[in-house]
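I opened this notebook to record what I looked up in the structure, with the cut-offs noted beside the terms.

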Amino acid sequence: MSNMEHIFNTYTDELNKLAEIHAKLLIKLKKIIKTLRENEQDNKDLIQIMRKLRLLRSRVSQIFDHVNRGFEQKNNVSEETLERLSLLIYYFEMSGLRDEERLLKIIIKKNVFYKEGLKKDLEEINMLRNIATNIIKRSL
């Protein structure tokens, strides 16, 4: 197994765990939206979930960056590994990040108090989706 194969397998395993965590956080976020209040003090759960999502996106961004740079050496990686990695990146691009974006837009509509902070999150999500799209195109 080449060094790049090992690295890509490690990223695949980590992205898989992050995808599971992301999906669970989105479920919690959906529940929180149903009970969203006008007062920030009443929304401690929302603030906690947003912190976790931001940390998760930060790590996903780092992995995407490393994978993107690693594609220069993708010839040293098996098709199976590339496929597994691409599927996980595709999840974040088409499902996870899109769902998160939709939920954040609902929060902004329900509570203007969060508008400015969440706009930055929406920009970050859009940036990550673009990076994911580029990675997927390169992996084909």
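I began with E14, which is partly exposed at a relative accessible area of 23%; on the scale I used, buried means under 20% relative accessible area, exposed over 50%, and partly exposed in between (1.4 Å probe, protein chains only). I note here that this is a predicted model, in which local features need pLDDT of at least 70 and side-chain atom pairs count only at pLDDT 80 or more, while totals for chains, interfaces and linings use all residues. Residues are numbered from 1 along each chain as its sequence is written, and side-chain values use heavy atoms, with hydrogens and water left out.

I then looked up the partner of E14 and found that its side chain meets that of R59 in a salt bridge (2.6 Å, N to O), the term standing for a side-chain nitrogen of Lys or Arg within 4 Å of a carboxyl oxygen of Asp or Glu. Helices here (H or I, at least four residues) and strands (E, at least two) are DSSP runs, numbered from the N terminus. R59 is partly exposed as well, with a relative accessible area of 27%.

Is the pair R57 and D121 buried or exposed? I found R57 buried, with a relative accessible area of 1%, and D121 buried at 3%. Their side chains meet in a salt bridge (2.9 Å, N to O). This pair links distant parts of the chain, with R57 in helix α2 and D121 in helix α4 (residues 115-139), 64 residues apart.

Next I checked R129 and E101, whose side chains meet in a salt bridge at 3.1 Å, N to O. R129 lies in helix α4 and E101 in helix α3 (residues 79-110), so the pair ties together parts that are 28 residues apart in sequence. Both R129 and E101 are buried. I also noted that R54, R57, E100, D121 and E124 are joined into one network by salt bridges that share partners. A search of the whole structure finds nine salt bridges.

I turned to the surface, where K24, K28, K30, K31, K34, K52 and R102 gather in a patch of positive charge. Patches are made of residues with over 30% relative accessible area and no salt bridge, with like charges joined within 9 Å and nonpolar side chains (Val, Leu, Ile, Met, Phe, Trp, Tyr) within 5 Å. Helix α1 (residues 3-34) supplies the largest share of the positive patch, five residues. K52 is found in helix α2 (residues 44-70), and K52 is partly exposed, with a relative accessible area of 36%.

Of the 140 residues, 41% count as buried. Among contacts (heavy atoms within 4.5 Å) between residues at least 6 apart in sequence, 83% join residues at least 24 apart. The chain exposes about 8400 Å², of which carbon and sulfur atoms supply 51%, the areas coming from the Shrake-Rupley method with a 1.4 Å probe.

Technical notes. Lys, Arg positive; Asp, Glu negative; His and termini not counted. Charge placed at Lys NZ, Arg CZ, Asp CG, Glu CD.
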